[in-house]
Amino acid sequence: MSIHKATIKWARNDADFGYKTYPRDHVWRFDNGIEVPASATPAYLGNPQRVDPESAFVAALSSCHMLTFLALASNKGFVVDSYEDSAVGHVEKNANGKLAVTRVELHPKIVYSGAKLPTPADLEWLHDKAHRECFIANSVTTDVRVLSDD
């Protein structure tokens with residue numbers, strides 16, 4: 001199938017290594033050379049100017065759903081002009097009492113054109129199938145819900 005790699009680099013850079021003082025800033029480096037400045041979420045002493053893992057997780061779920069949705073819509077003959085999602089992830093205690101991203105709500109706003117427009121039943125099928133086929137959603141226990149205005 002496929003393999004996906006990321007290199008994570010962090011250094012203390014002479015900072016004190018106390019819990020409240022060590023730096024959370026680090027870099028995600030991908031095989032294609034792209035680097036993403038990352039940090040902990042600000043609630044855990046991270047840098048708000050960088051991407052945190054929880055937000056990246058929400059973005060990965062949203063992106064995977066969108067890419068799967070677009071493939072399905074295209075195969076069904078629907079023309080999608082734009083797709084925007086304001087996804088929201090919730091960090092809460094899971095059934096084991098551990099903090100986890102327990103649920104992610106997707107709020108896609110999709111614009112279509114062309115002669116063939118999706119019906120509400122088509123949209124329900126497309127979103128359900130996109131969720132069931134999304135590689136990322138299939139890899140996690142997080143509850144992913146599509147709350148679409150379409």
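Student: How much space lies in the largest pocket?
Tutor: The largest pocket holds about 220 Å³ of space. A pocket is an open set of points on a 1 Å grid over the protein atoms alone, where a 1.4 Å probe fits and protein lies on both sides within 12 Å along at least five of seven lines. Grid points are joined across faces, edges and corners, and the volume is the space filled by probe spheres set on those points.

Student: What kind of model is this, and what confidence limits apply?
Tutor: This is a predicted model, in which local features need pLDDT of at least 70 and side-chain atom pairs count only at pLDDT 80 or more, while totals for chains, interfaces and linings use all residues. Residues are numbered from 1 along each chain as its sequence is written, and side-chain values use heavy atoms, with hydrogens and water left out.

Student: Which residues line the largest pocket?
Tutor: The lining consists of His4, Phe30, Ala60, Ser63, Cys64, Leu67, Phe135 and Ile136, where a lining residue has an atom within 4 Å of a point.

Student: Which element gives the most to that lining?
Tutor: α1 does, with 4 residues. Helices are DSSP runs of H or I with at least four residues, strands are runs of E with at least two, and both are numbered from the N terminus.

Student: Cys64 was in that list. What does cysteine 64 join to in a disulfide?
Tutor: Cysteine 64 is joined to cysteine 134, with an S to S distance of 2.4 Å. A disulfide here is a pair of cysteine sulfur atoms within 2.5 Å, and by this rule the count comes to 1.

Student: Why is the disulfide called right-handed?
Tutor: The torsion about the S-S bond of cysteine 64 and cysteine 134 is about 140°, so the disulfide is right-handed.

Student: Is cysteine 134 buried or exposed?
Tutor: Cysteine 134 is buried, at a relative accessible area of 1%, and cysteine 64 is buried as well, at 10%. Buried means under 20% relative accessible area, exposed over 50%, and partly exposed in between, for a 1.4 Å probe and protein chains only.

Student: Changing topic: how many salt bridges does the structure hold?
Tutor: The structure holds 7 salt bridges, each a side-chain nitrogen of Lys or Arg within 4 Å of a carboxyl oxygen of Asp or Glu.

Student: Which residue pairs with arginine 132?
Tutor: Arginine 132 meets aspartate 128 in a salt bridge of 2.8 Å, N to O. Both residues lie in helix α2, 4 residues apart, about one turn of the helix. Arginine 132 is partly exposed at 41%, and aspartate 128 is partly exposed at 39%.

Student: What about arginine 103?
Tutor: Arginine 103 forms a salt bridge with glutamate 105, with the closest N and O atoms 2.9 Å apart. Arginine 103 is partly exposed at 21%, whereas glutamate 105 counts as buried at 15%.

Student: And which residues does aspartate 143 meet?
Tutor: Aspartate 143 meets arginine 145 in a salt bridge of 2.6 Å, N to O. Elsewhere, salt bridges that share partners join Glu92, Arg103 and Glu105 into one network.
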